[in-house]
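Subject: Handover of a two-chain model

Dear colleague,

I am handing over the structure below, together with some notes on what was found in it. Please read the notes with the coordinates open beside them.

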Amino acid sequence: MVDLRNLLADEYLDKETIKAAAVTFAKSNPPNIQLKNILRQDKFNQFAEKLNALGWEKKYVPETGCYDHALIPLGLSDFLHSEEFKMLISFITHKTIHQTRAELCSFGHRDYTLLYDELRDSGIFFQLEFTSQWDQNWGGYTSFTQDEEMLRIVPSSNTLVLVDCKNMKHFTKYICHKAGQHKRILVEGLLK
Amino acid sequence: MWMNKKYRYPEKYEPLFLDAKPFEHIVLRNFFAKEKLKKILAAFKAQQFHSQSSDLFQFSQTNDLKKTKDKQLKEFYHFFSSRKFIQYISKLTKTKLKKINMSGFTYSSTDYLLPHDDRLEGRKIAYIVNLSKLKEADGGALELFEVNNSRATKVVRSYPPQFNSLVLFKVTPSSFHQVSEVLSDKKRYTLTGWFHG
């Protein structure tokens, strides 16, 4: 059991906020929403601190992508896999969510992901962003495409992004040297 | 004469091309008459370039130079697409070739091309005419991947651009290559395309 009152910012405990989010999600094309300042600041800081201390491992398959990944710390993983989190997403997206597939990723200079034939997303794609400062001229943003770009997500700290990715593929734009030592750190995955 | 005389016998270079690792390729330095290529560079710079960006790349490109109005480029295109030159490349690469296409590419700071194999209907031999010189630290190198179980694994050859070099490689399911990001203010200028079968 996870108590959302300990995790979510007060605003998101209000039913009216969630109803409004559901309307925004449904009206957007493609259906999507960015829920800013989703976590309570103290919880966000606590998670962010844990992420700094992790052992990251490089995942490099040249034709599909290059980035670091790590195990999601326990408290955060419990939240993302909780019934309460799935219920919240169901309310907003009007889709029944049975499972969460999530990966904790870190993208720095020279990292990227590519579109490829077998890449088939279906369900609700989500991102929980831990990146504090980002300039999209560095690359690193998430681009959702259907032949052409349909939606671009530029990292914004403590934001939960939900996208109905039906008929779309997505990639993370190559990060150029202008990013210096900056890293984009986020949990992303699919809710099905 | 467009070509440097020392390259007149393609059979001399055929084994080098065929035996190259990780896949058939060759870098022919000082391939063209230097002074003529300098004029091509000047004409190249005056062309109109369009910026291109996708998951796989970021660079600027001209339209197909078959339609160029520039006199110098027209002559160069005419030579490069001539039956005689296509036969020469056919011999060197031991591949039956019929026609070419050609575009100009400029890679400026932060531009790149990520790993891919180039395969598309009809493409047999890829080529790059380098019109600028970059050092290793500038980036912009052509990098070739080793392939294991039909997956690209790691870069095993890296060729920083040398002015007046012609690079040829065979397009196959394992011809994975990339152009590393340009890291300095130098520009990577190339005329690039494919010989089609």
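This is a predicted model: local features need pLDDT of at least 70, side-chain atom pairs count only at pLDDT 80 or more; totals for chains, interfaces and linings use all residues.

Residues are numbered from 1 along each chain as its sequence is written, and chains are lettered from A and ligands numbered from 1 in the order in which they are written.

Chain B as a whole

Chain B has four helices and 11 strands, where helices (H or I, at least four residues) and strands (E, at least two) are DSSP runs numbered from the N terminus. The radius of gyration of chain B is 16 Å, close to the 16 Å that the globule rule gives for 197 residues, so chain B is as compact as a globular protein of that length; the radius is taken over C-alpha atoms, and the rule is 2.2 Å times the number of residues to the power 0.38. Taken along the principal axes, the box filled by the C-alpha atoms of chain B is roughly 45 × 40 × 30 Å. Of its 197 residues, 36% count as buried, a residue being buried if 20 or more other C-beta atoms lie within 10 Å of its own, exposed if 12 or fewer, and partly exposed in between, with C-beta atoms placed from the backbone. Among the contacts in chain B with a separation of 6 or more, 79% come from residues 24 or more positions apart, and two residues are in contact if their C-beta atoms, placed from the backbone, lie within 7 Å.

In helix 3 (residues 71-80) of chain B, the residues B:Leu73, B:Phe76, B:Tyr77 and B:Phe80 are buried. They cover an arc of only 100 degrees around the axis, which puts them on the same side of the helix; this arc is that of the directions from the helix axis to the C-beta atoms. On the other side of helix 3 of chain B, B:Lys71 and B:His78 are exposed, while the buried residues of the helix pack against helix 2 (34-45), helix 4 (83-93) and strand 4 (99-107) of chain B.

Strand 7 (residues 142-148) of chain B runs antiparallel to strand 8 of chain B, to which seven bridges join it; two strands pair if DSSP finds at least two bridges between them. B:Leu142 has B:Tyr159 in strand 8 of chain B as its bridge partner. These two strands form a hairpin with two residues between them, and B:Asn149 in the turn has a positive phi of about 50 degrees. Strand 7 of chain B also pairs with strand 10 (residues 177-179) of chain B, in the antiparallel sense and over three bridges, and B:Glu143 stands opposite B:Gln178 there.

The contact between the chains

The contact takes 12 residues from chain B and 11 residues from chain A. On the side of chain B that touches chain A, the elements that give two or more residues are strand 5 (112-116) and strand 8 (151-159) of chain B, and strand 5 of chain B gives the most, with three residues.

Points in chain A

A:Lys36 lies in the loop between strand 1 (32-35) and helix 2 (41-52) of chain A, and with 14 C-beta neighbours inside 10 Å it counts as partly exposed. Leaving aside neighbours within four places in sequence, A:Lys36 is in contact with A:Ser156 and A:Thr159.

Backbone features to check

Most residues other than glycine have a negative phi, and most peptide bonds are trans. A cis peptide bond joins A:Asn29 and A:Pro30, with omega about -10 degrees, and another cis peptide bond joins B:Lys21 and B:Pro22, with omega about 5 degrees. B:Asn30, which is not a glycine, has a positive phi of about 50 degrees and lies in the loop between strand 1 and helix 2 of chain B. Phi of B:Lys94 is likewise positive, near 55 degrees, and B:Lys94 lies in the loop between helix 4 and strand 4 of chain B.

With best regards
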